Amino acid sequence: MESSPLLQQTSTFYKENDRILEGGQHHPSSLASETWAEMKMLWQVAGPAVLTSIFQYSLFSVTQTLVGHIGTVELAAVGIQNMVLSGLVFGIMMGMGSALETLCGQAFGAGKLNMLGIYMQRSWIILNCTAILLTLIYIFATPILKLLGQDDEIASLAGKFSIWMIPEIFALAINFPMQKFLQAQSKVMAMTWISFAALVLHLFLSWLCIIKLDMGLVGAAITLNLGWWVLVFGQLVYILAGYCEKSWTGFSWLAFTDLAGFVWLSLASAVMLCLEYWTLMIIILLGGLLRNPEIAVDAASICMNVEGWCMMIPFGFTAAISVRVSNELGAGRPRAAKFSVLVVVMMSIVIQTIFVILILTTRKDFPVVFTEDILVMKKVSQVAVFLSASIFFSSVQPVLSGVAIGAGWQTLFACINLGSYYLVGLGMALLLGFKYNFGLEGIWGGMLSGVAVQTIILIIVTWRTNWEKEAQVAKERILFWGGSGSGSADAILS
């Protein structure tokens, strides 16, 4: 069995410091040193993962920001496409790809490196088949948006932009399995440099096509598609060049085996993450049903853009805790997994609180970065309180979702998300936004109530977890997917 330096460091650390997790007495200085050691190990993954998230999110953000200076209708159209249609596809692809976080992470922790490449190839097959079906959403975007009650002009322009963005779907289908494959092995720094190179190229081409050559939305589509495909080819070259020689042994017919069970786990992962990701989409969609939809959609799009930036660190922590939990459970160290969860939640709360303070103190100033329309800027300032509340909840909720992925709890968390977001949150959003005419503020406040309920439930579930049992389940899962057939099928769906 081969393990990474990070796992070797972690193993030594917890052998020497198990007393803190046993519930015994310990000196405060010992607790501080142990916490600091865990923080350093988390940041080895979280730091590059945060930068990678920032660089990749910037592909969307740069395009939307530049288009915002063309006109309000164009901004609304790109906002609808990015946050609703592309968001729908992005959520499905990211969710289905996250099945690899469970399987690759736990297999890597157990030293089963040879299976990681097989898992990635299976995910490629499943996600590209899914991508073919998802092209229908882009092709029929205009009638879909009109059916959802969106403004005709915005829906028509967003539909045209969506058709031009079809290549993006297949880029995402290849990208996410590679990301999870590399992330499980803590090869996140390579992803960071590749993402940075793709962003630099995207910045130049976006300025050239959208501003200098005045190509408008056509230029935006060309540069955004190209940015994603540069990212894909960069990661593919890195993997095929031999930097993952233990985990990538070439293309194999084994990728076509056990696809049915793999599809089921991928779907459970997709449902779990999509139900979270689509809450942003719902706010923008419902905003398009209000009076003055351009103002509401533009304001919501700007706020979601800002929230997306502030979510980069929690997303990095999500990746880090997913890797830490899956690796430690796969290696049979449940107490290490539990302690890592406590430390990362603490760090995330502190950092997101700082972002909340910054948003509230600059709420009348930051909208000018995204738009020149006075009414849109005023609306953004009015909903800044709700934006701040969303950012604060993101200090805990995404991190615990990472725990769920690392431990393989996708099915359970999907049920929790469904009840919280779409029974509580959506119901309250419709009631406050339309019944009581609170507008965008009511819609957002209603959805926040669902997020609050979900966060409370996730905290309770995580706190009451029997980590020793989860380590045993991880062992069974590895045996099952390793091809021995001796594992329980229930283990893969827990």
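The following dialogue explains how to read several features of this predicted model.

Reader: How many of the residues count as buried?

Author: Of the 494 residues of the chain, 61% fall in the buried class.

Reader: Which residues of helix α18 are buried?

Author: Helix α18 spans residues 397–407 and is mostly covered, with 11 of its 11 residues buried. They include Q397, P398 and S401, as well as V399, L400 and I405.

Reader: At what angle do α5 and α9 pack?

Author: Two values describe a packed pair: the angle between the axes and the distance between them. For α5 (residues 99–109) and α9 (residues 166–184), the angle is about 25 degrees and the axes are 9 Å apart. Angles under 35 degrees count as roughly parallel, and α5 is therefore roughly parallel to α9. The crossing of α5 past α9 is right-handed.

Reader: Which residues of α5 and α9 meet?

Author: From α5 come L100, E101, C104, G105 and F108, and they meet P177, K180, Q183 and A184 of α9. By class, the residues of this contact of α5 with α9 divide into five nonpolar, two polar and two charged.

Reader: Why do residues several places apart along a helix point the same way?

Author: An α-helix has 3.6 residues a turn, so residues three or four places apart point the same way. Here, L100, C104 and F108 are among the α5 residues that meet α9.

Reader: What is the angle between α5 and α6, and are the two helices roughly parallel or antiparallel?

Author: Helix α6 covers residues 114–139 and packs with α5 at an angle of about 170 degrees, the axes being 10 Å apart. Because angles over 145 degrees count as roughly antiparallel, α5 is roughly antiparallel to α6. The α5 side of the contact consists of L100, L103, C104, A107 and F108, and the α6 side of L116, Y119, M120 and S123. This contact of α5 with α6 has eight nonpolar residues, one polar residue and no charged residues.

Reader: Which phi value does D214 have, although it is not a glycine?

Author: D214 has a positive phi of about 55 degrees. This residue lies in the loop between α10 and α11, and D214 counts as exposed because its relative accessibility is 63%. N437 is a further residue other than glycine with a positive phi, near 55 degrees. N437 is found in the loop between α19 and α20, and with a relative accessible area of 62% N437 is exposed.

Reader: Is T223 buried or exposed, and what does its side chain reach?

Author: For a single residue, one considers its place, its accessibility and its partners. T223 is located in helix α11 (residues 216–243), and its 2% relative accessibility makes it buried. Its side chain reaches the backbone oxygen of G219 at 3.1 Å, and that of A220 at 3.1 Å. Leaving aside neighbours within four places in sequence, T223 is in contact with H202, L205, S206 and C209.

Reader: Which residues does A337 touch, not counting those up to four places away in sequence?

Author: A337 belongs to helix α15 (residues 334–361), and at 0% relative accessibility A337 counts as buried. On that count, A337 touches V325, E328, L329 and W467. A337 and E470 are 133 residues apart in sequence, yet 10.0 Å apart in space, C-alpha to C-alpha.

How values were computed. Residues are numbered from 1 along each chain as its sequence is written. This is a predicted model: local features need pLDDT of at least 70, side-chain atom pairs count only at pLDDT 80 or more; totals for chains, interfaces and linings use all residues. Side-chain values use heavy atoms; hydrogens and water are left out. Helices (H or I, at least four residues) and strands (E, at least two) are DSSP runs, numbered from the N terminus. Buried means under 20% relative accessible area, exposed over 50%, partly exposed in between (1.4 Å probe, protein chains only). A polar contact is a pair of N or O atoms within 3.5 Å; within protein, one must be able to donate a hydrogen and the other to accept it, and residues adjacent in sequence count only if both atoms are side-chain atoms. Contact means heavy atoms within 4.5 Å. Axes are lines fitted to C-alpha atoms, for helices over the stretch in contact, and angles run from 0 to 180 degrees between N-to-C directions. Angles under 35 degrees count as roughly parallel, over 145 as roughly antiparallel, 65 to 115 as roughly perpendicular and the rest as oblique. A crossing is left-handed if the near helix is turned anticlockwise from the far one by less than a right angle, and right-handed if clockwise. Ala, Val, Leu, Ile, Met, Phe, Trp, Tyr, Cys and Pro count as nonpolar, Asp, Glu, Lys and Arg as charged, and the others, Gly among them, as polar.
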